[in-house]
Amino acid sequence: MNSTALAEEAKKEKKKISLSFIQPSGNITLGNYLGALSNWVKIQDSGEFDCLYAVADLHALTVRHDPSELRKLIYQALATLLGCGIDPEKSIVFLQSHVHQHAELGWILDCYTMFGELSRMTQFKDKSAKYADNINAGLFTYPSLMAADILLYQTDVVPVGQDQKQHIEIARDIATRFNGLYGNTFKIPEPYITKSSAKIASLVDPTKKMSKSDTNANAIITVLDTDDQIIKKFKRAVTDSGSEVKMGEGKDGINNLIGIYSAVTDMTTEEVERQFEGKGYGDFKLACGEVVADRIRPIRERILDYMNNKDYLERVAQRGAEQASRLAQRTMDKVFKKVGLVAKPRG
Ligand code: TRP
C-alpha cells in the first residue's frame, strides 16, 4: 500500500461505525420505515459513519418457519433495505448467516452471559409466552448473538427502536464484563434511539403502535401497499369527534395523522396545523394519503424490482459478506487471543 492509500485508510478508520439489522419478517410498515430505515439512510448519507446493515436471518430461526417461506423473506428483507435507500456502494450490506464470525462470537459470548440476565429480558418473556410450544435455547440466547452482531465490528452506534434498547444494554454489559476480564477488546456501543419511532400508531386504534403483525390490514401501511390502498386506508383512519386539524390531549387519531404528515414531509407539527387551518378532517386525511403514497411509491417499485432480480441481490450479499467478514475477523483474532484459544491456521 502506498502512502496516499495509507492516509486514506487512516482517514476511513476515524469514522464512527453505525450498525443495524433488520428481521426478515415480511413487509415493513410505514412506522418501521419512518422510525428506523429512513434514519439508517440518513446516517448512511451523512457521510459521518461507516455503516453496516444486515438481515438477521440466524435470529429468524428462533421461531419456526416454512423453509421456502423463510428464504423468500430473507431475499425480501434484503430488497427492502436496498429499496428504502441503503446503498451497497456506501454501506456494507449482508446476510448475518454468511459471515460465520457471528455464530462463532455468539457462542463465545454465550459463555460470558449469565442465565439470570437472559431470563430477565422482556423479549424472551414475551416470545416464550407467544410461542409456548417452542421455547428453544436460541430464543433464550438471542441477546448474546445480537451482542456478537454489534461487538464484532467495534460498533459505535446502533440505530434501533425503543423496543431494542434492552438488547443494546445487555450487549454493553457483556462487552464491559469481557473487557474487565481480558482488557480492552470491544468498543462499548451506544443505542441511537430516534424520536419519531414511537410516534406512528395504528390507523384503526391510534392508542396502539402500528405493528406489522396487526391482523387488521387497515390498521397499517406497508411499504408494498399500492397508492389506492394507501389513500383508502387514510380515508378510513379513525379520528375523534373533533373537526380541527390540531394536536390535542386525548386526540390520538388526529395526533397520529399530524405526526405522520410531519414525518413524511419533514415539516414541524405546527407547520402542518397552520397549513390545514380552516380545513376539516376529510381534506386532511386525503392529503395524508397522498403524501404517504408519494413517499412509498418509489420505495415499493424499487423493492419489487429487486425482488425480481435475485442475481443482483445475491451479488450484493456476496460482496457485503466478504467486506464484513474481513472486519469481523480482526475482532475474532483478538478474542481468540484474549480467551486463550489457539489461532486458526490461515488457509
Ligand atoms: N433484534 C433486532 C430486532 O428484532 C434485530 C437485530 C439482530 C439487531 N441483531 C441486531 C438490531 C444488531 C441491531 C443490531 O429488530
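**Domain interface and ligand surroundings**

In this predicted model, 14 residues of domain 1 are in contact with 16 residues of domain 2. Domain 1 is made of two stretches of the chain, 12–197 and 309–339, whereas domain 2 covers residues 217–305. The centres of domain 1 and domain 2, taken over C-alpha atoms, are separated by 31 Å.

The size of an interface is often given as the accessible area lost when the parts come together. For domain 1 and domain 2 the buried area is about 1,200 Å², and carbon and sulfur atoms give 69% of this area. On the side of domain 1, the residues that lose the most area to domain 2 are Leu30, Tyr33 and Gly83, which together account for 41% of what that side buries. As for the interactions across the interface of domain 1 and domain 2, the rule finds zero salt bridges, while five residue pairs are found in polar contact, with both residues of each pair at pLDDT 80 or more.

Two helices, H2 (30–46) and H4 (67–83), each supply at least two residues of the side of domain 1 that touches domain 2. Of the elements that contribute to this side of domain 1, H4 gives the most, with five residues. When the residues of the side of domain 1 that touches domain 2 are sorted by type, seven are nonpolar and seven are polar, and no charged residue is present among them.

The ligand is surrounded by 13 residues, of which the closest are Gln23, Tyr142, Met146, Asp149 and Gln164. In the case of Gln23, an N or O atom of the side chain is 3.4 Å from an oxygen atom of the ligand.

The backbone was also examined for positive phi values in residues other than glycine. Gln154, which is not a glycine, has a positive phi of about 50°, and the place of this residue is in the loop between helix H8 (137–151) and strand S4 (157–160). A positive phi, near 65°, is likewise computed for Asp266, again a residue other than glycine; Asp266 is found in the loop between helix H11 (252–265) and helix H12 (269–275).

Conventions
Residues are numbered from 1 along each chain as its sequence is written. This is a predicted model: local features need pLDDT of at least 70, side-chain atom pairs count only at pLDDT 80 or more; totals for chains, interfaces and linings use all residues. Side-chain values use heavy atoms; hydrogens and water are left out. Domain bounds come from an automatic or database domain assignment. Contact means heavy atoms within 4.5 Å. Buried area is the accessible area (1.4 Å probe) that two parts lose on being put together, summed over both. A salt bridge is a side-chain nitrogen of Lys or Arg within 4 Å of a carboxyl oxygen of Asp or Glu. A polar contact is a pair of N or O atoms within 3.5 Å; within protein, one must be able to donate a hydrogen and the other to accept it, and residues adjacent in sequence count only if both atoms are side-chain atoms. Helices (H or I, at least four residues) and strands (E, at least two) are DSSP runs, numbered from the N terminus. Ala, Val, Leu, Ile, Met, Phe, Trp, Tyr, Cys and Pro count as nonpolar, Asp, Glu, Lys and Arg as charged, and the others, Gly among them, as polar. A residue is near a molecule or strand if one of its heavy atoms lies within 4 Å of it.
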